[in-house]
Structure formats: structure tokens, C-alpha cells
Amino acid sequence: MPRWILHVDMDAFYASVEELDRPELRGKPVIVAGPEPRGVVATASYAARKFGIRSGMPTAQAKRLCPQGIFLPPRFDRYEEVAQRIRAILGEYSPIVEPISLDEAFVDLTGTELLHGPPEKVAEEVHLRIPKEVGLSCSVGLGPNKLVAKLASDAAKPGGLKVVRPEEVQSFLDPLPVEDLWGVGPKTAARLREKGIRTVRDLREVPLGLLRSWFGPKGGEALWQLARGIDDSPVTPVREAKSLSHEVTYPEDLFDQKQIVSELRRLSFLVVDRLHEEHVLAQTVQIKVRFSDFTTYTRQTKLPEPTDHPLLVAAEAVGLFSRVEIPPGQGVRLLGVGVADLVPAEFRPLPLFVDPNITDAFHEVRRKFGPEALSLGQAGLE
Ligand SMILES: [Mg+2]
């Protein structure tokens, strides 16, 4: 059975929600951004983009480019509310909906034809219903896989609908720059450019053997497939997490302070892995401690800014534990570390003390070799 994947991407989502709630802002340069000095722009309305404002740009720079801009702090609860209404609409067409962020989702329409009609008709319906029922503009792409569906909705931006049928995939992809392909990062794109490869068509003309010799067997194979619009990755429904936590009940109570600290650190790292997977940052760190006599304490702390840095989260967890008074003679029966107040990762503040590349490298090593592989020294916590 041919696959049909829908990709829905809301246009300038946070800024559009602000305009929806305050119609007097419509058409103005609305910029949803974190506070100065270290905040960044999350979303700029199309009117603001005319001034050169882009997501990820420091708020201070955006203010210089567009002093007349309307700078608003994010209201995640409201965006989440709207996102849920959009997801509910999508859920009417398929049980397999994968939200990528608050404003973007894949829907697997494969095999839904008997219930809902041809996927192309569903795409048209979704494209009409979201603006009508939610009041916001969206871009919709439909294709035989996630790669093509996402590129189709990109091509339809803003506010359009683009269907790419299987027989059209190659002619659709060929003129696109290679960096548009999902999985071709800036580094790979730069290496390809050095070799004179700019478009997907150029890439497709490179023999597999050559790609393998340039990028390794796996990397070469992946590029070869991308250039042909081949992508078997499934649409994976995920539950939205309001908070994330890991807890363990120990077969034997823990008495050793060092062991407790190392457990808190391990649990923190597991929680941070989840943050990274979900592309969110957390502003609150929580711990739960249960002693031998079942008395249970929870403690939490709000950080000055959201983070997904493993050492920061671990240091907070250990710090919280140090404020729990251990009843005499009691061991620790259960430990839990959790995070809450989650915000999308695009709100990551500009680095102050911590090089974000370090975090990336940390996650990379743990992804490859498992959570136990990288044990950061005790010194890292202090
Ligand atoms: Mg969007």
C-alpha cells in the first residue's frame, strides 16, 4: 500500500496566536522573544521578517533592526491550548499524529481512505478547517513520506497546500538546494558545496560508491537515499509531556552519601536525555526522596532560566537533596528526579557560562554508547 504522510506547519505560530488574541496587532511587526540581554527571538510575524528578523536571533539585535517592533514575552499555556485544538482536528483523520513541536505535526494517512476519502481531499480539508476553526493560517504538505511531506509544506509557505505524488517526487526535489534535505546539516552541505554539489539533482548524479568514500558507508547511503526522496521513517505518535521524571525504588536502602549523589546524577542525566528527545528545556527541577520508614519528601526549585544542561540539572537535584534532613538511622528507599515548566528548545537563552556545543557533544556520546558511558566527574557538580 502506498504511504501518505501529511505535514502541517502553522505559519509564524506564536506571533499569529498573539495577533489572534489581540486583533489590533494584526499586520504589525509582532515578535515573540525572550527578555534581553540573553533572550532570543522565537517567532517573528511576516511583517517583522521584512525587517530581517529571524528565529534564534538575539532579542537585542532584533530591537536594533526593528525598534518599532512589538516585542512580546511567550505565553506557552496559551500556545499549548491552541496546539491541542489543532492536534484534535488532525486526530480526526488518523490515530497516528506525531507533533514535532507546538506548531508542527506529521499525520500518517496511509490506509485511512475508506474512512476519510482520498488523502488529497483530507489535505484540502485540513488546510481549510484549521484557519476556519482555529483562526490561524497553516501550510500543508502531502507526500509519500515524512521527508517529502515536510519539504512540500515548506514549499507551500505561507498559507499554501502542496501535494507531491510519488511520481512527482524526483522532479519536486531536484531543483532544491541540498541543505533543504532533512539530515543534511550545514557541515555536510558545506562539504558538498566544495565539491560543486548544490542541488538535489547534483547530489543524485554522484555514484553511491563515491558518496560512501566521502561520507562513510552510512552517511553515503543516507545521502543517496535522501537525493531520491527515499525515507522509511515512521510517523511516531508521542504523548505530550508536561513534566518528565525518572524514579527508582532500590532493592536495598541506600545509606552511602556518595552512592546517593551518584544516583541523583544518573537520574538527572536520564531526565535530560528525555528533554533532548522532546526538544524542550526545563525551568523547574524536582526531587523525590523516600526513606526506609516510607516518609516521603519532595523538593523543587525554579531556575533563573530554562535549561537542558545535564550538569546544571544534576547540580540542582543534588542541591535539593542536601536540603532534605535525613531522619536518624534511615536509608533511602526511593529516589526520583523530575523537571517541569517545560518550554520549547527554541527558547534556549544565549550561552552565558556554558558552551552549548558541550551539551550537544555530551548527548551525542550518550546516544551512541548509552547513558552509563559518560560519567562526569564529581568535580563537574561543584
Ligand atoms: Mg511553523
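Predicted model: local features only at pLDDT ≥ 70, side-chain atom pairs only at ≥ 80, totals over all residues.
## A quick tour of the fold

Taken along the principal axes, the C-alpha atoms fill a box of roughly 70 × 60 × 50 Å.

**The whole protein**
- The protein has 382 residues, and 47% of them count as buried.
- Take the contacts between residues at least 6 apart in sequence: 66% of these join residues at least 24 apart.

**The magnesium site**
- Which residues hold the magnesium ion? Its protein donors are Asp9 (OD), Met10 (O) and Asp103 (OD), and they lie 2.2 to 2.4 Å from the ion.
- Along the sequence, these donor residues follow the spacing D-M-x92-D.
- Methionine 10 sits in strand β1 (residues 5-10), while aspartate 103 sits in the loop between β5 (97-101) and β6 (104-108), so this pair ties together parts of the chain that are 93 residues apart in sequence.
- Methionine 10 has a relative accessibility of 2%, so it counts as buried.
- Aspartate 103 comes in at 19%, and it counts as buried too because the cut-off is under 20%.

**Cysteines**
- How many disulfides does a search of the whole structure find? The search turns up 0.
- Cysteine 66 is buried, with a relative accessible area of 0%.
- Cysteine 138 also counts as buried, at 1% relative accessibility.

**Where α9 meets α11**
- Two packed helices can be described by the angle between their axes and the distance between those axes.
- For α9 and helix α11 (residues 208-227), the angle is about 100° and the axes are 14 Å apart.
- That makes α9 roughly perpendicular to α11, because angles from 65 to 115 degrees count that way.
- On the α9 side you'll find Thr188, Arg191 and Leu192, which meet Trp214, Phe215 and Leu223 in α11.
- Sorted by class, this contact has 4 nonpolar, 1 polar and 1 charged residues.

**Arginine 198**
- Where is arginine 198? Look in the loop between α9 (186-194) and α10 (200-204).
- Leaving out residues up to four places away in sequence, arginine 198 touches Leu176, Pro177, Val178, Glu179 and Arg193.
- Proline 29 is 169 residues away from arginine 198 in sequence, and their C-alpha atoms are 34 Å apart in space.

Note on methods
Residues numbered from 1 in each chain as written. Heavy atoms only, no water. Helix = DSSP H or I, 4+ residues; strand = E, 2+ residues; numbered from the N terminus. Contact = heavy atoms within 4.5 Å. Donors = N, O, S within 2.8 Å, 3.2 Å for Na, K, Ca; no water. Buried < 20%, exposed > 50% of the residue type's maximum accessible area, 1.4 Å probe, protein only. Disulfide = S-S within 2.5 Å. Axes fitted to C-alpha atoms, helices over the stretch in contact; angles between N-to-C directions. Parallel < 35°, antiparallel > 145°, perpendicular 65-115°, else oblique. Nonpolar A, V, L, I, M, F, W, Y, C, P; charged D, E, K, R; others polar.
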